[in-house]
Amino acid sequence: MIKKDWALGILAISGFVYISVFLGLALFITFFYSTYSLLSLSAVLLPLILLLVVLFVLWKRSYLSNERKGNFLLLVTAILCFIPALILVGMLGKNEEKLNFTIEKWVNQPDDRVYFVYDFLDEYEMVGKSKEDIQKLLGAPDEDYFYTTTESVISYFLGPEVGWISMDGTYLVIWFDDENKAVDYQVETH
């Protein structure tokens, strides 16, 4: 049996490590716009599972389980350890929503286009599309930004660059051949 003082120490250290991992994951999710994936969900759930295993071992092998206060402490800790995991899953969901392309978001949130432009480019193949098809999909190109629309190039303002200090704008620039078919595109920051 694990002595009460040792069990309380193990519980405190486990809680500290769990909260530290939670804060690290929260920062990672925030700064790198992580979304739902097997890797991200594993990273969120693995610390929770490890803490629950530690709590189970303490419940089975320590003197804490012999006292009413000890059982209550372990139960409350087990319940509270789900809160950080739920917060992290919520953060992943918020990023998932922010990064998914829809026509409505493209039209109504022009300064946030920078977040979902890559989802758009994954969903729609630009090379080979006609200028008319692209403009039906995305609307008229932006005239008053960095690139001036010509016969061979159009650009769409995506919003301020992503980062802590946003000094420049980000643009989706699409180049066309003589038949008004897209030959190349690029996301640029200027």
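Modeller: Start with a cut-off: buried means under 20% relative accessible area, exposed means over 50%, and partly exposed lies in between. Bear in mind that the model is predicted.

Colleague: Why is Lys131 called buried?

Modeller: Lys131 has 11% relative accessibility. The limit for buried is under 20%, so Lys131 counts as buried.

Colleague: Where is Lys131 found, and which residues does Lys131 touch?

Modeller: Lys131 is in helix α7. Leaving aside residues up to four places away in sequence, Lys131 touches Thr150, Glu151, Ser152, Ile154, Phe176 and Asn180.

Colleague: Take Asn180 from that list. What makes Asn180 partly exposed?

Modeller: The relative accessible area of Asn180 is 29%. Buried needs under 20% and exposed needs over 50%. Asn180 therefore counts as partly exposed.

Colleague: Which other non-glycine residue has a positive phi of about 50 degrees?

Modeller: Tyr33. Tyr33 lies in the loop between α1 and α2. With a relative accessible area of 24%, Tyr33 is partly exposed.

Colleague: Now the sheet. How do you know that β2 and β3 pair?

Modeller: Pairing takes at least two bridges between the strands. Strand β2, residues 169-176, and β3 share 7 bridges, in the antiparallel sense. Among the bridge partners, Ile174 has Tyr185 in β3, and Val173 has Gln186 in β3.

Colleague: What is the strand order, and why are β1 and β3 called edges?

Modeller: The 3 strands run β1-β2-β3 in an open sheet, with antiparallel pairing. β1 (153-160) and β3 (182-189) each have a single partner strand, so one side of each is left without a neighbour in the sheet. From one strand to the next, the twist averages 15 degrees.

Colleague: Which helices lie across the sheet, and at what angles to β1?

Modeller: Helix α6, residues 113-123, lies across β1, β2 and β3, and runs at about 130 degrees to β1. Helix α7, residues 131-138, also lies across β1, β2 and β3, but runs at about 25 degrees to β1.

Colleague: On to helix pairs. Why are α1 and α2 called roughly antiparallel?

Modeller: Helix α1 (residues 4-32) and helix α2 (residues 38-61) pack at an angle of about 175 degrees, with axes 10 Å apart. Roughly antiparallel starts over 145 degrees. The two helices are therefore roughly antiparallel to each other.

Colleague: What makes up the contact of α1 with α2, by class?

Modeller: The contact has 14 nonpolar residues, 1 polar and no charged. It includes Ile10, Leu11 and Val21 of α1, and Val44, Leu48 and Leu51 of α2.

Colleague: And what is the case for α2 and α3?

Modeller: Their axes come within 10 Å and cross at roughly 170 degrees. The limit is again over 145, so α2 is roughly antiparallel to α3. Leu52, Leu55, Leu58 and Trp59 of α2 meet Asn71, Leu74, Thr77 and Ala78 of α3. That contact divides into 6 nonpolar, 2 polar and no charged residues.

Colleague: How many salt bridges are there?

Modeller: The count comes to 2.

Colleague: What makes Lys4 and Glu67 a salt bridge?

Modeller: The rule asks for nitrogen to carboxyl oxygen within 4 Å. Their side chains meet at 3.4 Å, N to O. Lys4 lies in helix α1 and Glu67 in the loop between α2 and α3, so the pair ties together parts that are 63 residues apart in sequence. Lys4, at 37% relative accessibility, is partly exposed. Glu67, at 31%, is partly exposed.

Colleague: What is the distance between Glu132 and Lys136, and where do they lie?

Modeller: The closest N and O atoms of Glu132 and Lys136 are 3.4 Å apart, forming a salt bridge. Both residues lie in helix α7, 4 residues apart, about one turn of the helix. Glu132 is exposed, and so is Lys136.

Methods: Residues are numbered from 1 along each chain as its sequence is written. This is a predicted model: local features need pLDDT of at least 70, side-chain atom pairs count only at pLDDT 80 or more; totals for chains, interfaces and linings use all residues. Side-chain values use heavy atoms; hydrogens and water are left out. Axes are lines fitted to C-alpha atoms, for helices over the stretch in contact, and angles run from 0 to 180 degrees between N-to-C directions. Contact means heavy atoms within 4.5 Å. Angles under 35 degrees count as roughly parallel, over 145 as roughly antiparallel, 65 to 115 as roughly perpendicular and the rest as oblique. Ala, Val, Leu, Ile, Met, Phe, Trp, Tyr, Cys and Pro count as nonpolar, Asp, Glu, Lys and Arg as charged, and the others, Gly among them, as polar. Buried means under 20% relative accessible area, exposed over 50%, partly exposed in between (1.4 Å probe, protein chains only).
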